[in-house]
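Visitor: I've got a model to go through with you. Can we take it feature by feature?

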Amino acid sequence: MATPLTADQMVAALKKEGLSPVGVRDWKTHNRNHKGPFGPVHGVMIHHTVTGPDVAATVRLCYDGHSDLPGPLCHVVGGKDGKIYLVGNGRANHAGAGDPDVLTAVIAEAAVRPPDNEATTDGNRYFYGIEIKNMGDGKDPYPYAQYE
């Protein structure tokens with residue numbers, strides 16, 4: 001369990017890992033905190049974006065969201081070239097509802113996860129969200145720079 005990082009702590013942690021994060025617009029205060037608390041943080045939720053080749057459009061989508069789901073849709077967007085874009089700090093719309101037994105297992109770092117048979121726990125509260133630019137179709141490669 002961890003207290004969420006401040007915006008400055010997030011930048012420092014990413015730089016310590018050798019990254020050069022790019023802040024998008026007012027990312028430091030861009031969040032959904034009015035919908036509920038963010039934290040304590042128990043992990044990271046990583047998705048692929050299923051978006052086309054335009055990284056700027058993907059970053060915009062993750063920052064702004066869409067008509068069904070307002071942004072930010074994550075905290076960090078990872079481009080094909082290894083650049084990372086900071087689009088939110090605080091609560092984001094990236095995890096949705098999950099199973100409380102699964103969250104308990106994640107917190108306990110259990111080797112075996114229980115079945116995900118409920119959707120009653122607010123995942124947006126407990127996880128950082130990272131979107132990695134990729135179609136997720138098994139044909140779109142993840143370049144070495146993204147792994148790094």
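Visitor: How much space lies in the largest pocket?

Guide: About 400 Å³. A pocket here is found on a 1 Å grid over the protein atoms alone, as an open set of points where a 1.4 Å probe fits, with protein on both sides within 12 Å along at least five of seven lines; lining residues have an atom within 4 Å of a point. Grid points are joined across faces, edges and corners, and the volume is the space filled by probe spheres set on the points.

Visitor: What should I know about the model itself?

Guide: It is a predicted model: local features need pLDDT of at least 70, side-chain atom pairs count only at pLDDT 80 or more, and totals for chains, interfaces and linings use all residues. Residues are numbered from 1 along each chain as its sequence is written, and side-chain values use heavy atoms, with hydrogens and water left out.

Visitor: Back to the largest pocket. Which residues lie nearest its centre?

Guide: Leu 14, Leu 19, Val 76, Ile 84 and Ile 130, out of 23 lining residues. Two or more lining residues come from each of α1, β2 (43–48), β5 (76–78), β9 and α5 (144–147). Helices (H or I, at least four residues) and strands (E, at least two) are DSSP runs, numbered from the N terminus.

Visitor: Which element gives the most to that lining?

Guide: β9, with 4 residues.

Visitor: What is the lining of the largest pocket by class?

Guide: It has 14 nonpolar, 6 polar and 3 charged residues. Ala, Val, Leu, Ile, Met, Phe, Trp, Tyr, Cys and Pro count as nonpolar, Asp, Glu, Lys and Arg as charged, and the others, Gly among them, as polar.

Visitor: And the second largest pocket, what volume does it have?

Guide: About 200 Å³. It is lined by 15 residues, and Met 45, Gly 98, Asp 99, Val 102 and Phe 127 are closest to its centre. α3 (100–107) is one of the elements that supply at least two lining residues. The largest share, 3 residues, comes from α3. By class, this lining has 8 nonpolar, 4 polar and 3 charged residues.

Visitor: Now α1. Which of its residues are buried?

Guide: Ala 7, Met 10, Val 11 and Leu 14, in a helix that runs over residues 7–16. Buried means under 20% relative accessible area, exposed over 50%, partly exposed in between (1.4 Å probe, protein chains only).

Visitor: Why are they on the same side of α1?

Guide: They cover an arc of only 95° around the axis, so they sit on the same side of α1. The arc is that of the directions from the helix axis to the C-beta atoms. As background, an α-helix has 3.6 residues a turn, so residues three or four places apart point the same way.

Visitor: What do the buried residues of α1 pack against?

Guide: β6 (84–86) and β9 (127–132). Contact means heavy atoms within 4.5 Å. The face turned away from the buried side carries the exposed residues Asp 8 and Lys 16.

Visitor: Change of topic. How many disulfides are there?

Guide: The count comes to 0. A disulfide needs a pair of cysteine sulfur atoms within 2.5 Å.

Visitor: Backbone next. Which bonds are cis?

Guide: Gly 39 and Pro 40 are joined by a cis peptide bond, with omega about 0°. Pro 40 lies in the loop between β1 (22–23) and β2. The bond from Gly 71 to Pro 72 is also cis, with omega near 5°. Pro 72 is in the loop between β4 (69–70) and β5.

Visitor: What is the phi of Arg 25?

Guide: Near 45°, a positive value in a residue other than glycine. Arg 25 is exposed, at 55% relative accessibility.

Visitor: And Glu 109, where is it?

Guide: In the loop between α3 and β8. Glu 109 is exposed, at 70% relative accessible area.
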